[in-house]
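Have a look first, and then we can go through some details together.

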Amino acid sequence: MRPALTTINATSKQSASVIFFHGSGDTGPGILEWVRFLLGRNLEYPHIKIVYPTAPMQKYTPLNGQESNVWFDRRSVNIAAQESKKSMSQCYEIVHQLIEEEVSAGIPTSRIIVGGFSMGGAIALHTSYHLNAGLAGVFAHSSFLNRSSIVYESLQSRSHHHLPELRMFHGEGDTLVPLEWGLETFKSLQMLGVNGTFQPMKNTLHELKKSSLLDLESWILEKLPPLENNVQNKL
């Protein structure tokens, strides 16, 4: 099933894409508005389209089986919990479709960044290090992987000559997803060949911050610079 999409289109000719996954219970429009509120404007570029997909409504065990907009189901929000392979595989179908739509529009995977907040960041990690290691980069804000995640198995069993660079942010005061879970995830990925940065954020709970979004804005441009023809079009 194709997810509902909210997009901020490139203001000129598109040559790259960013897919920004929201956290559990949110929507694409919801996280777009959150980003807009914190920055005081849209996160946008002349040559990059930003895609904010919305997760399907499905039963979510941590909410006692109530339906919610979530990318996957899980037994509990705990780093020691097991992943639901069935639920993850259904989510992977959505991710494949999102990336394929960009590729079909002429954007190579090497010009696509994925990222997200909380559960959305976890999906971005699965996307970049289990499903498609040829992406330009990945970011995860207030996120973690389960200790027995298939992502680690995938990295251990494959020979990756190039892995997407990782940018992680985590609030030191986060009580829903403790800082230690994010740091453990980052260190585990590092040990398996992933390069990147982990930024603890002072005075920050389970939330996005303007400072982290500004950092991401610059990093995205660094990883996805305008192509020569984009520059020539401005001359």
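Is Glu102 buried or exposed? With a relative accessible area of 5%, Glu102 is buried, where buried means under 20% relative accessible area, exposed over 50% and partly exposed in between (1.4 Å probe, protein chains only).

## Ground rules

Please keep in mind that this is a predicted model, in which local features need pLDDT of at least 70 and side-chain atom pairs count only at pLDDT 80 or more, while totals for chains, interfaces and linings use all residues. Residues are numbered from 1 along each chain as its sequence is written, and side-chain values use heavy atoms, with hydrogens and water left out.

## Salt bridges

Back to Glu102, which forms a salt bridge with Lys49, with 3.1 Å between the closest N and O atoms. A salt bridge here is a side-chain nitrogen of Lys or Arg within 4 Å of a carboxyl oxygen of Asp or Glu. The two residues come from distant parts of the chain, 53 residues apart: Glu102 sits in helix α2 (residues 85-104) and Lys49 in strand β3 (residues 48-53). Helices (H or I, at least four residues) and strands (E, at least two) are DSSP runs, numbered from the N terminus. Lys49 is buried too, with a relative accessible area of 15%.

The structure holds six salt bridges, and two others join helix α6 to strand β8. In one of them, the side chains of Lys223 and Glu165 meet at 3.0 Å, N to O. Lys223 belongs to helix α6 (residues 210-223) and Glu165 to strand β8 (residues 165-171), so this pair ties together parts that are 58 residues apart in sequence. Lys223 counts as partly exposed at 26% relative accessibility, and Glu165 counts as partly exposed at 22%.

The other pair is Asp215 with Arg167, whose closest N and O atoms are 3.0 Å apart. Asp215 is in helix α6 and Arg167 in strand β8, 48 residues apart. Here Asp215 is partly exposed, with a relative accessible area of 22%, whereas Arg167 counts as buried at 17% relative accessibility.

## Around Ile8

Strand β1 (residues 5-8) contains Ile8, which is buried with a relative accessible area of 9%. Leaving aside neighbours within four places in sequence, the contacts of Ile8 (heavy atoms within 4.5 Å) include Leu32, Arg36, Leu43, Ile48 and Tyr52. Lys49, the salt-bridge partner of Glu102, is also among the contacts of Ile8.

Asn42 is another contact of Ile8. The two are 34 residues apart in sequence and 7.8 Å apart in space, C-alpha to C-alpha.

## Helices to look at

How many residues of helix α3 are buried? In this helix (residues 119-131), 12 of its 13 residues are buried, among them Met119, Ile123, Leu125, His126 and Tyr129.

Helix α4 (residues 150-157) and helix α5 (residues 179-191) pack at an angle of about 15°, with their axes 10 Å apart. Axes are lines fitted to C-alpha atoms, for helices over the stretch in contact, and angles run from 0 to 180 degrees between N-to-C directions. The two helices are therefore roughly parallel to each other, a label for angles under 35 degrees. Val151, Tyr152 and Leu155 in α4 meet Thr185, Ser188 and Leu189 in α5.

Note on methods. Angles under 35 degrees count as roughly parallel, over 145 as roughly antiparallel, 65 to 115 as roughly perpendicular and the rest as oblique.
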